[in-house]
Amino acid sequence: MINEIEPSESLAYHVGLSSKKEMVISSHFMHKISQNPSLNLYDNRYFQAKRLVIDRKFVIEELIPILKSACAEFCEKRAAAAKRRALLRYESFGYTTEKMIGVSEIITEALLDKEFSRNGEKYNSRNELNEKVRRMISDKGMIEMTMPALPFKIPSPLKSRGDAPDLGEINFLLSVYEIARTLEIICLKEACAATDVKVRFAIISDGSRFDDIVNESSNTLRTYQEKLASWITLLGVGDYIQLIDYRSLLQSRLPKAIWESKLELCRQAHTNYSQALWPVFDPDDMAASFEAARQVELDPEYGNTEGRFIPLFKSLVYTINYKTLQELRCFSDDQRSMIYRELTAHIFQPYHGGDTVDATLELPLEARELLRKSMLAEAWGAAINYISEIKSDRDLAEDPILTCLPDYLRWTIHAKQGQLAIATPPILGISVQPWAGSAVFRPTSKGWVRLCTLPSLMLEGTFAIPVVVEENGGSETYCQPLFYLDKGLGVDDAVGLLAILRDGYTRQRFS
């Protein structure tokens, strides 16, 4: 789901949410998945029996070198492909001959490469992008890019079994590194070595925008960022990638007047959305609530039949860490996951006397219905808080991140005008960000092996093998998988995994 703009419209960044299409979150696909009764999470005993245990040495000395080697080859290919496209498209830059193509034009083609950016040409002017790259090289000898991403591992058992970054986040870091390294290769190969052009990518970890909204602890957020920083060091990409906390960046660099304006915009949006949307909320009739919300929401998205608020709400149903469920301390972890699985699958339909429920859970039907209603109210309120926070950025006169980091090339997760949307190819029909799922190696249709992210419910529901690192919990205790192995790979041990990765691992997003 992307913005739809008319060819005649300006491609510059514009203030305010697009009234056509502009995603603000992307987990509403979870509802369809949760409705599939054949998909279930492993219980603890089955998880322990099925998992594959590796050690840290295997990760550092065997796995990471394979990933990095594939990255190096991929970057060389993308740099060469960008040059070929630039030479073929010299007229698109307003030139009369390919001899006028230089380093900035080749870099522009790399930035618009479909392997890196999604529909880049649709939302960005090639010539304006080229001119900006040219100025960055001539004025400061550095190409700097930025993007908000990597907030925290979303606290839903249907998405992940833990709150630490897994190989999905590492895959994302390598994807960002590949963008920066490809640009650097172009500079080096186009006789620019003397200028010593540097390429940097600042990832703005934006979990501090949303941690209170989804009931995630600041300690969990801090630990997540610390572990990401450790991975950046381990991967050897620290010269290219910097991780910055969103709130720390704005508080240190955003002018006080703009910061206060942002807070006021958030307060106003919260008041207005609360007044419009709480009166139409009815947990006994969510279908009517959805239709009423679509009619009264303040920032409609006409390119989406459900509008903007309802997809956001449906995403947050599978995103927030429910206070309601945290109070169920008398149940085991397995039981709480089962309760979460059942309640989210039943979330929009009231429980009735004849409903079939899991009898192994000592939870009366009336209690389940109270939990369901309480969860809905939490998610509805979270959606109001979330859209208010989004509007506090989008309604400012300028993107606050670029106010803090002027003259950076702005990347984004959700496509919008004047920004480059990082490519996240769909897997099994859905595009899942690494913080909203679990990493998995799976075969492609062309016989390669790709590292991607899918919800843990889909992975365990299709009997993928969880792979855990021994030092994270020992061989006898539970720990979060670093990644899963799709059963289609036909491997169930470390030796077999290394064999297929050495022969067939690909960094191509589309293969």
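Visitor: Which element gives the largest share of the lining of the largest pocket?
Guide: The model is predicted. In it, the elements that give two or more residues to this lining are helix 14 (323-326) and helix 15 (333-345). The largest share, nine residues, comes from helix 15.

Visitor: Which residues are the closest to the centre of the largest pocket?
Guide: The largest pocket has a volume of about 1300 Å³. It is lined by 41 residues, and the closest to its centre are P157, D333, R336, S337 and M338.

Visitor: What span does helix 15 reach from its first C-alpha to its last?
Guide: Helix 15 has 13 residues, and at 1.5 Å a residue a span of 18 Å is expected. The model comes close to that expectation, with a reach of 18 Å.

Visitor: Which residues of helix 15 are buried, and what covers them?
Guide: The buried residues of helix 15 are I339, Y340, R341, E342, L343 and T344. Their cover includes helix 1 (30-34), helix 13 (309-317), helix 14, helix 16 (365-394) and helix 18 (456-461).

Visitor: How many cavities of 30 Å³ or more does the structure hold, and what is the volume of the second largest cavity?
Guide: The structure holds four cavities of 30 Å³ or more. For the second largest cavity, the volume is about 340 Å³.

Visitor: Which residues are the closest to the centre of the second largest cavity?
Guide: Helix 7 (167-189) and strand 8 (449-454) each supply at least two residues of its lining. By class, that lining has 11 nonpolar, nine polar and three charged residues. Of the 23 lining residues, the closest to the centre are N171, S175, A423, P425 and L451.

Visitor: How many residues of helix 4 are buried?
Guide: Helix 4 covers residues 103-111 and is mostly covered. The buried residues include the charged-class E105 and E109. They pack against helix 3 (56-88), helix 6 (126-140), strand 2 (142-149), helix 7, strand 5 (409-412) and strand 6 (420-421). The count of buried residues in helix 4 is nine of nine.

Visitor: Is S125 buried or partly exposed?
Guide: S125 is found in the loop between helix 5 (120-123) and helix 6. Buried means under 20% relative accessible area. S125 has a relative accessible area of 22%, so S125 counts as partly exposed.

Visitor: What distance separates the C-alpha atoms of S125 and T305?
Guide: Along the chain, S125 and T305 are 180 residues apart. Their C-alpha atoms are separated by 29 Å.

Visitor: What radius of gyration does the protein chain have, against that of a compact globule?
Guide: The protein chain comes to 19 helices and 10 strands, and its C-alpha atoms fill a box of roughly 75 × 55 × 40 Å along the principal axes. With 511 residues, a compact globule would have a radius of gyration near 24 Å. The chain agrees with this, at 24 Å.

Visitor: What share of the residues of the protein chain count as buried?
Guide: Among contacts with a separation of 6 or more, 76% are between residues 24 or more positions apart. Of the 511 residues, the share that count as buried is 58%.

Definitions and conventions. Residues numbered from 1 in each chain as written. Predicted model: local features only at pLDDT ≥ 70, side-chain atom pairs only at ≥ 80, totals over all residues. Heavy atoms only, no water. 1 Å grid on protein atoms, 1.4 Å probe; cavity = no way out; pocket = protein on both sides within 12 Å on 5 of 7 lines; lining within 4 Å. Points joined across faces, edges and corners; volume = space filled by probe spheres on them. Helix = DSSP H or I, 4+ residues; strand = E, 2+ residues; numbered from the N terminus. Expected span 1.5 Å × (residues − 1). Buried < 20%, exposed > 50% of the residue type's maximum accessible area, 1.4 Å probe, protein only. Contact = heavy atoms within 4.5 Å. Rg over C-alpha atoms; globule rule 2.2 N^0.38 Å.
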